[in-house]
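Subject: Structure for your review

Dear colleague,

Please find below the structure that I am handing over to you. My notes on what was found in it follow directly after.

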Amino acid sequence: MRCVQERHPRGAAAAAALAAMVVLHAGGCQGPADPMQKKRNDMVERQIAARGIRDPRVLEAMRTVPRHLFVPLAEEASAYDDRPLPIGSGQTISQPYVVAFMAEQLRLTGKEKVLEIGTGSGYSTAILAALATKVFSIEIRPELSRQAKEHLEKLGVKNVELKAADGYRGWPEEAPFDAILVTAAPERIPPPLLEQLAPEGRMVIPVGAFYQELKVIKRQGGGYSEKSVLPVRFVPFVGEAEGAPPPARDPGASR
Ligand code: SAH
């Protein structure tokens with residue numbers, strides 16, 4: 001395959017980035033097919049690998065997925081900065097390190113069926129799509145779901161299904177899921193999401209109001225184990241979760 005060296009206007013950037021992904025996966029030419037490649041390499045080295053993320057598949061996905069195509073044009077120059085960015089409708093795309101950290105915690109090997117709640121820009125969806133077999137992603141704000149669909153289609157990401165809905169009840173028709181990623185914070189874990197986790201499956205979810213903890217839930221031995229792995233700040237999980245009654249049981253308890 002030929003290395004494309006010229007600069008691309010944004011309209012053509014998705015095609016160039018896709019070409020870069022194909023080239024990287026083929027292990028062939030490593031030239032700067034995408035002018036943002038160096039920024040992504042630096043992001044991975046300085047913000048992600050330097051902070052202890054080791055999973056080579058996660059590092060590769062973070063080097064490959066063109067984050068700048070998931071943010072509004074006005075934010076494009078900041079797309080690889082070490083912070084979250086606004087994506088419209090009062091929502092944010094998470095800091096690159098946090099996306100990589102969550103992805104690593106899911107321990108994906110490439111064979112999994114994954115549920116994501118909080119599609120947002122579609123960026124973390126694209127990262128999951130690079131790491132698993134199939135991703136189902138739900139976004140409560142239809143305008144964001146539409147935008148994410150456009151971004152993912154432009155990049156030719158095929159193993160993703162999106163739905164504009166409240167993710168509180170998960171996606172029962174497609175359950176169980178080997179992994180569940182939630183990118184908005186409820187005060188309590190929605191019980192339907194716990195139920196839709198496959199045996200040995202993992203869920204990564206921020207929980208809390210102002211002070212939030214990123215939790216890793218594992219379904220094992222007829223119950224669930226739970227650990228807090230990182231203090232975080234996500235946008236709130238809105239909709240049914242806000243009015244839901246407290247769960248009858250502690251999610252950590254055996255069922
Ligand atoms: N993963 C996203 C981060 C988006 S921020 C990205 O990479 O860009 C979290 C998203 O969760 C927001 O878009 C918000 O609208 C959405 N959200 C909040 N509550 C939700 C709910 N109940 N169901 C589905 N999505 C929800």
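The largest nonpolar core has 68 residues, and those with the most contacts inside it are Ala103, Ile127, Leu128, Leu131, Ile180 and Leu181. A nonpolar core here is a set of buried Ala, Val, Leu, Ile, Met, Phe, Trp, Tyr and Cys residues joined through C-beta atoms within 7 Å. A residue counts as buried if 20 or more other C-beta atoms lie within 10 Å of its own, as exposed if 12 or fewer do, and as partly exposed in between, with C-beta atoms placed from the backbone.

Please note that this is a predicted model, in which local features need pLDDT of at least 70 and side-chain atom pairs count only at pLDDT 80 or more, while totals for chains, interfaces and linings use all residues. Residues are numbered from 1 along each chain as its sequence is written.

Overall, the protein has 8 helices and 9 strands; these are DSSP runs numbered from the N terminus, helices being H or I of at least four residues and strands E of at least two. Of the 255 residues in the protein, 45% are buried. Among contacts between residues at least 6 apart in sequence, 57% join residues at least 24 apart, a contact being two C-beta atoms, placed from the backbone, within 7 Å.

Just after α4, arginine 107 takes a positive phi of about 50 degrees.

Proline 84 lies in the loop between α3 (56–64) and β1 (85–88). Proline 84 is partly exposed because 17 other C-beta atoms lie within 10 Å. Not counting residues up to four places away in sequence, proline 84 touches Thr92, Ile93, Ser94 and Gln95. Proline 84 and proline 96 are 12 residues apart in sequence and 7.5 Å apart in space, C-alpha to C-alpha.

Finally, the ligand. Of the 26 residues around the ligand, Gly118, Gly120, Ser121, Gly167 and Ala184 come nearest; a residue is near a molecule if its C-beta atom, placed from the backbone, lies within 6 Å of it. β2 (91–93), α5 (123–131) and β4 (134–139) each supply at least two residues of this shell, and the largest share, 3 residues, comes from β2.

Yours sincerely
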